[in-house]
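Please read this note with the model open beside it. The points run from single residues to the meeting of the chains.

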There are 2 protein chains.
Amino acid sequence: MDIVEQVTKRAKEFFADSKGSHDWEHTLRVYNLCLRIGEKENADMEALKIAAILHDIGRKHQDKCNGEICHAEKGAILARELLSEFGIEANKINKIVHCIETHRFRGNRIPNSKEAKILFDADKLDSIGAVGIGRAFLFAGEIGAKLHNKDADIDKTKPYTKEDTAYREYMVKLKKVKERMLTDGGKHIAEERHKFMVEFFDRLNNEVDGNL
Amino acid sequence: MDIVEQVTKRAKEFFADSKGSHDWEHTLRVYNLCLRIGEKENADMEALKIAAILHDIGRKHQDKCNGEICHAEKGAILARELLSEFGIEANKINKIVHCIETHRFRGNRIPNSKEAKILFDADKLDSIGAVGIGRAFLFAGEIGAKLHNKDADIDKTKPYTKEDTAYREYMVKLKKVKERMLTDGGKHIAEERHKFMVEFFDRLNNEVDGNL
């Protein structure tokens, strides 16, 4: 078993009982996107793969504490501990930990290596396109929200309430994701996914009115 | 207030506390589709509008009894009672009640009037296209199911379980809806919505693999 496989085996354990929107499958999708972008950008693929696999291992701590713990910060600490068991050299560990710590891009945790930028892009890309649409509706179902309300006042609808919708999430967040990409590969994929998402919600609004 | 508006006001009361997938908005979408198809097919628009508005008023009885009561049958009884208050002529009431009773097309309850066929088509159309995609993921979220599993054995995955997905619903049910349309107008809309749904799930599978 190579190092990536060994880390994967350990990482999976952090995802027992995880919710649909940030489960182990999300990690696998982000991993696949990192492969695609990373190869084009000539990234350190071993560091990138390990960072992708470990990027959300702090998630359940954030969920447990209503967001008071940042999963990226916590995940970085957990990853450093875990990686110390594998005899990886210190430089490589630092590189991986930096990716995990900055994949949320909050406060002073800014992705500044190629690999960290790729992981950030891959993670955000998983919230748009067909996957993003599916996740937004799945999440709406999980919190007992509505299917759709195209005429709602987007600014006044509160997230995490019954009046919330996937469409609000799209209007407020998802349609802006493409502007946030940090790599050329990420930008290219984001443009395509964005286009499809626009088409989807246009169609949804038209179907709701009985026009399509 | 005309008769359609009066019936609408009464019908809404049946939808307090209804779930996302068959809520009042579903009724409004079916109503909009009935308008579109009905006008092309020269239907009795007053009967069709009232039938559309009342078609799911028996739904909460079915949900309460784990499906032992058929909502179409129950809805037909409730609609006959409700309509008797409005001084509508007996023939028209029979026409409306027939639509409601047969909109599920089960057993010997077969839609045989133009209006009943249109209502059947409109109701089924709301389960495909962008709306159908949204509803399938929303429902998956409501029952705590997964986002996606393209490699699952479709025949072995049980509905209403955590391993269920919108994709299973699509493979088993939604992709066959277009074959069931009873009117030309319904067929035309179903073809378009079907095409978009195929595109969506193809894209989803490709995105999951990191190809798009």
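**Notes on the model**

1. H71(A) sits in helix α5 (residues 71–83) of chain A. Helices (H or I, at least four residues) and strands (E, at least two) are DSSP runs, numbered from the N terminus. With 23 C-beta neighbours inside 10 Å, H71(A) counts as buried. The cut-offs are these: a residue is buried if 20 or more other C-beta atoms lie within 10 Å of its own, exposed if 12 or fewer, and partly exposed in between, with C-beta atoms placed from the backbone.

2. A word on the source. This is a predicted model, in which local features need pLDDT of at least 70 and side-chain atom pairs count only at pLDDT 80 or more, while totals for chains, interfaces and linings use all residues. Residues are numbered from 1 along each chain as its sequence is written, and chains are lettered from A and ligands numbered from 1 in the order in which they are written.

3. Which residues does H71(A) contact, leaving aside its neighbours within four places in sequence? They are D56(A), G58(A), R59(A), H61(A) and Q62(A). Contact means that the C-beta atoms of two residues, placed from the backbone, lie within 7 Å. H71(A) and K117(A) are 46 residues apart in sequence. In space, their C-alpha atoms are 17 Å apart.

4. Chain A has a domain 1 (1–109) and a domain 2 (127–212). These bounds come from an automatic or database domain assignment. The C-alpha centres of the two domains of chain A lie 26 Å apart. In chain A, 7 residues of domain 1 are in contact with 8 residues of domain 2. The domain 1 side of that contact divides into 1 nonpolar, 2 polar and 4 charged residues. Here Ala, Val, Leu, Ile, Met, Phe, Trp, Tyr, Cys and Pro count as nonpolar, Asp, Glu, Lys and Arg as charged, and the others, Gly among them, as polar.

5. α10(A) packs with helix α8 (residues 129–142) of chain B at an angle of about 105 degrees, and their axes are 7 Å apart. Axes are lines fitted to C-alpha atoms, for helices over the stretch in contact, and angles run from 0 to 180 degrees between N-to-C directions. α10(A) and α8(B) are therefore roughly perpendicular to each other. That term covers 65 to 115 degrees; under 35 is roughly parallel, over 145 roughly antiparallel and the rest oblique.

6. The residues of that pair can be named. From α10(A) come F200(A), R203(A), L204(A), E207(A) and V208(A). They meet G129(B), A130(B), V131(B) and G134(B) in α8(B). The contact has 5 nonpolar, 2 polar and 2 charged residues.

7. R29(B) is in helix α2 of chain B. R29(B) is buried, with 23 other C-beta atoms within 10 Å. Not counting residues up to four places away in sequence, R29(B) touches V208(A), D126(B) and V131(B).

8. Finally, check N42(A). This residue has a positive phi of about 55 degrees although it is not a glycine. N42(A) lies in the loop between α2 and α3 (45–54) of chain A. Is N42(A) buried or exposed? N42(A) counts as exposed, with 8 C-beta neighbours inside 10 Å.
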